[in-house]
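Dear colleague,

Please find below the structure I promised to hand over. My findings follow it.

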Amino acid sequence: PRFHPTLPALLKPSKMNDAPPPTTTSPTALAEEFRILPYLVALLEDIQTGDSAAVSRTAAALNAKVARTEEVLAAMPGGEMNTEAQVKKIKELQETLRRKQEQLESYKSLPIFKEQAPEEDPHEEAQN
């Protein structure tokens with residue numbers, strides 16, 4: 001076939017760029033958002049046929065798809081940060097986690113938490 005099986009539906013103007021960025025970050029959903037190979041194949045086929053109207057339509061669809069992928073990337077959390085900023089944020093969050101864990105341990109040593117009676121072993125009652 002001349003087009004990828006799903007490409008004709010994707011090339012319709014109503015399907016080009018009207019959907020909001022995905023709310024899920026599942027690998028399958030994200031992979032679909034970044035699938036541009038069918039668009040490139042269709043564009044190359046249109047170029048080979050020499051049909052300038054088809055080339056224009058397919059190029060417009062490809063441009064819309066690329067714009068859509070840029071929207072998806074921009075909507076992803078942390079996407080606006082470069083690698084150094086991400087590493088810095090990870091270190092800050094790890095430090096916060098460490099402090100919270102220390103705080104939790106100090107709370108566990110408070111008398112109110114020590115006064116609780118130890119739980120009885122249910123197996124012990126069965127033996128009596």
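In what follows, two residues are said to be in contact when heavy atoms of theirs lie within 4.5 Å. Please bear in mind that this is a predicted model.

By that criterion, Tyr-39, Leu-40, Ala-42, Leu-43, Asp-46 and Ile-47 of helix H4 meet a set of residues in H5, namely Ala-54, Val-55, Thr-58, Ala-59, Ala-61, Leu-62 and Lys-65. Helix H4 covers residues 37–49, and its axis lies 9 Å from that of H5, at an angle of about 160°. Because angles over 145 degrees count as roughly antiparallel, H4 is described as roughly antiparallel to H5. The crossing of the two helices, H4 and H5, is left-handed.

Helix H5 itself spans residues 52–75 and includes Thr-69. Thr-69 has a relative accessible area of 9% and is therefore classed as buried, the cut-off being under 20%. A polar atom of the Thr-69 side chain lies 2.6 Å from the backbone oxygen of Val-66. Apart from neighbours within four places in sequence, Thr-69 is in contact with Glu-33 and Phe-34.

As to the protein chain as a whole, its secondary structure comprises 8 helices and 0 strands. Of its 128 residues, 14% are buried. The chain exposes about 10100 Å², of which 59% comes from carbon and sulfur atoms. Among contacts between residues at least 6 apart in sequence, 67% join residues at least 24 apart.

Yours sincerely

Technical notes:
Residues numbered from 1 in each chain as written. Predicted model: local features only at pLDDT ≥ 70, side-chain atom pairs only at ≥ 80, totals over all residues. Heavy atoms only, no water. Helix = DSSP H or I, 4+ residues; strand = E, 2+ residues; numbered from the N terminus. Buried < 20%, exposed > 50% of the residue type's maximum accessible area, 1.4 Å probe, protein only. Polar contact = N/O pair within 3.5 Å; in protein donor to acceptor, adjacent residues only side chain to side chain. Areas by Shrake-Rupley, 256 points an atom, 1.4 Å probe, with all protein chains shown as cover. Axes fitted to C-alpha atoms, helices over the stretch in contact; angles between N-to-C directions. Parallel < 35°, antiparallel > 145°, perpendicular 65-115°, else oblique. Left-handed = near helix turned anticlockwise from the far one by under 90°.
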